[in-house]
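Let's explore a protein model together, one question at a time. Have a look at it first.

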Amino acid sequence: MRRTDFGVTVRFALLAIVWGASFLFIKVGLGGLSPGQVALARVALGALALGVILLARRRPLPRDPVLWGHLAVVSVLLCVVPFLLFSWAEQYISSGLASIFNATTPLVTMLLAAAALPAERFTPPRVLGLLLGFAGVLTIVGVWHGIDVSHQLTAQLACLGATTCYGACFVYLRRFVSPRGTDPMVLAFGQTASATVLLTLLAPAVAATPVRLDLPVVASMIALGVFGTGIAYAWNTRIIAAWGAANASAVTYLTPVVGVLLGVLVLGEPVSWNQPAGALLVVLGILAAHGRLRRRKTEPELVRS
């Protein structure tokens with residue numbers, strides 16, 4: 001394996017760990033902060049980390065006010081609303097369960113893209129993938145127990161609301177932002193910086209409760225913001241450039257595994273059989289939707305060396 005390939009592989013592994021651990025960091029952060037304060041700390045520290053990277057690489061910020069308007073919309077859909085929803089939800093459900101629901105993002109994105117983008121029409125593999133994913137969500141929720149309207153169910157719906165925001169944002173990015181050809185790192189800084197401004201303005205309503213800081217809370221917020229929301233994006237950009245978007249997206253399959261394992265090992269969270277079973281159905285749905293469950297008739301590709 002070449003040194004460059006090894007470096008990308010290491011980044012891929014670190015990305016899966018950091019994004020999978022993000023839900024653990026949220027849970028720990030809630031021990032001393034409100035959901036709004038967790039979300040604000042996350043985007044502020046993420047913007048700071050990305051700003052430092054941009055300065056080091058001497059990347060200029062865009063001056064187009066229309067682009068900044070689009071980034072404000074992106075910041076609401078990709079940061080403000082989902083970060084608030086996930087933080088609120090983890091007051092009532094485990095961090096591992098939140099990470100499992102986060103894995104539905106590719107399927108939600110596919111559903112919304114098919115509705116909004118003519119080029120992303122439904123195909124048999126995508127329909128199969130969506131059906132498997134839907135079955136996975138029902139399995140995770142445990143619908144055979146009946147629908148009990150409680151904080152736990154509401155929290156699970158909040159997680160699905162967050163992934164719906166992610167899906168809507170990816171569609172919005174593809175339609176209004178990607179054609180502009182802006183550097184992805186600049187876009188990442190713009191959306192986290194915009195989210196920081198918006199959440200600061202909303203702070204009197206969503207982040208005005210008392211703060212109790214200790215070492216675990218502070219360390220979790222630094223890890224969540226600097227690494228999970230900042231540096232991780234730089235890693236992801238390098239992975240996409242080296243492996244392509246399709247291969248880079250495989251990190252989606254690993255993050256719920258990391259999230260559940262860390263929740264069990266670090267926080268002692270219980271896991272019922274239907275949660276990993278539902279997660280497996282969701283992952284199978286993602287694979288089916290991308291046509292990766294079909295046998296390839298072409299000759300096998302050469303292994304990189």
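## Cysteines, cores and a serine

Q: Is cysteine 79 buried or exposed?
A: This is a predicted model, in which local features need pLDDT of at least 70 and side-chain atom pairs count only at pLDDT 80 or more, while totals for chains, interfaces and linings use all residues. Residues are numbered from 1 along each chain as its sequence is written, and side-chain values use heavy atoms, leaving out hydrogens and water. Buried means under 20% relative accessible area, exposed over 50%, and partly exposed in between (1.4 Å probe, protein chains only). Cysteine 79 has 2% relative accessibility, so cysteine 79 counts as buried.

Q: How many disulfides are there?
A: A disulfide is a pair of cysteine sulfur atoms within 2.5 Å. By this rule, the count is zero.

Q: Which cysteine sulfur is nearest to that of cysteine 79?
A: Cysteine 79 is in no disulfide. At 7.7 Å away, the nearest cysteine sulfur belongs to cysteine 169.

Q: How many residues does the largest nonpolar core have?
A: A nonpolar core is a set of buried Ala, Val, Leu, Ile, Met, Phe, Trp, Tyr and Cys residues joined through side-chain atoms within 4.5 Å. Val74 and Cys159 are among those with the most contacts inside the largest one. Its residue count is 54.

Q: Where is serine 194?
A: Helices (H or I, at least four residues) are DSSP runs, numbered from the N terminus. Serine 194 is buried, because its relative accessibility is 13%. Its place is within residues 184–206, which form helix 8.

Key:
Helix = DSSP H or I, 4+ residues; strand = E, 2+ residues; numbered from the N terminus.
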